[in-house]
Amino acid sequence: MSDSFEWSDIWYSEYCLPGVKLSFKVDVLYSEQTPFQKIVFMKNEVFGTVLTLDGYVQVTERDEFMYHEMIAHVPMAVNPGIKRVLIIGGGDGGTARETARYKAVEKIDMVEIDEAVVRACEKYMPQTAAVLSSEPRLNLKFEDGLAFVKSAKDNSYDLIIVDSTDPCGPGGSLFTTDFYRDCYRVLSDDGILVNQQENAFYDVEREEMVKAHRKIKEIFPIAKIYGFNIASYESGYWYFGFASKKYDPIEDHRASEWEKLGLKTEYYNSDIHKASFALPNYVKEILQSD
Ligand code: SAM
């Protein structure tokens, strides 16, 4: 009988909860401890290049389109006239790549705390990061997103996208009421905030998601959550927050205007836009019981 394993296999595992882990068979390409976090790039035969920060999958070559299309095109299809974009985090460049596809966008300021993530992604993940050196409307700043937003002028952006790590590391400050208040102040009267808001299935992330939603809805008159499938993340399904001073993501969805732009997408479309705001009962209950 032949062995069903090889002694040489290296498996990377992300612990979802004690008793559950998500594992990838990998070759390690690069690893670096920065003052902020541990960066590791690996190669997996299904997902291609995988970036982890502090042991959590951030981006994989194979399914990054799901995350980056949903974080960028949902707000842009609600207001395709957005001109001034602020990205907080997003060091892999995928969110910048998708927002840069809009001709109406005049500037994209991207504030990433860890320059080492950008430099390593430029080398190991050019699929997402190439835009960071080629896009003339993009201004890259290496500083803490919380401090940046605190000192930014009122009404200076039409869209803020918080493409952050989880609240346990340097991303923690991006899940605070203080930060959300500054985002509100810095946004224009029809401004939109979209933020990475964890998953609803596993306890720790669920609590963070509920806390973030509670804080945001105390500040913004419109605060919703939308979900999307992503194969390489814990639970396979993830949520973003959508908050706005003016626009409801469904009632104000400008589907035909967005479709006329003719952008080719692999995940996002106008039906997915609507469907992503439909929440399963257990998620509705979690959010309502709060
Ligand atoms: N798609 C990813 C996810 O949710 O797993 C997020 C990807 S992106 C690589 C997250 C980035 O947020 C990281 O590069 C990290 O350095 C950056 N970041 C974390 N905290 C930050 C902060 N306080 N200010 C600015 N950037 C921050």
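1. Basis of the values. The structure is a predicted model, in which local features need pLDDT of at least 70 and side-chain atom pairs count only at pLDDT 80 or more, whereas totals for chains, interfaces and linings use all residues. Residues are numbered from 1 along each chain as its sequence is written, and side-chain values use heavy atoms, with hydrogens and water left out.

2. Salt bridges overall. With a salt bridge taken as a side-chain nitrogen of Lys or Arg within 4 Å of a carboxyl oxygen of Asp or Glu, the count comes to 17. Among them is a network of salt bridges that links Glu 64, Arg 97, Glu 98 and Arg 101.

3. Asp 182 and Arg 185 join their side chains in a salt bridge, at 3.2 Å from N to O. Both residues belong to helix 7 (residues 177–186) and stand 3 residues apart, about one turn of the helix; helices (H or I, at least four residues) and strands (E, at least two) are DSSP runs, numbered from the N terminus. Asp 182 counts as buried because its relative accessibility is 9%, while Arg 185, at 26%, counts as partly exposed; here buried means under 20% relative accessible area, exposed over 50%, and partly exposed in between, with a 1.4 Å probe and protein chains only.

4. A pair between distant parts of the chain. Lys 224 forms a salt bridge with Asp 248, with the closest N and O atoms 2.6 Å apart. This pair links distant parts of the chain, since Lys 224 lies in strand 12 (residues 222–229) and Asp 248 in the loop between strand 13 (237–244) and helix 9 (255–260), 24 residues apart. Lys 224 is partly exposed at 35% relative accessibility, whereas Asp 248 is buried at 10%.

5. A further pair. In the salt bridge between Arg 254 and Glu 257 the closest N and O atoms are 3.1 Å apart. Arg 254 is partly exposed, with a relative accessible area of 29%, and Glu 257 is partly exposed at 37%.

6. The largest pocket. On a 1 Å grid over the protein atoms alone, a pocket is an open set of points where a 1.4 Å probe fits, with protein on both sides within 12 Å along at least five of seven lines, and lining residues have an atom within 4 Å of a point. The largest pocket has a volume of about 210 Å³, a volume being the space filled by probe spheres set on the points, which are joined across faces, edges and corners. Its lining includes His 213, Lys 217, Lys 224, Phe 277 and Gln 288, and the elements that give two or more residues to this lining are helix 8 (203–219), strand 12 and helix 11 (281–288).

7. The second largest pocket. Here the volume is about 170 Å³, and the lining residues include Tyr 15, Cys 16, Asp 166, Glu 205 and Glu 234. Strand 1 (11–17) and helix 8 are the elements that give two or more residues to the lining of the second largest pocket, and helix 8 gives the most, with 3 residues.

8. A ligand nitrogen atom is 2.7 Å from an N or O atom in the side chain of Asp 144. With polar backbone atoms, a ligand oxygen is 3.4 Å from Ser 164, and a ligand nitrogen is 3.2 Å from Gly 171.

Key
A polar contact is a pair of N or O atoms within 3.5 Å; within protein, one must be able to donate a hydrogen and the other to accept it, and residues adjacent in sequence count only if both atoms are side-chain atoms.
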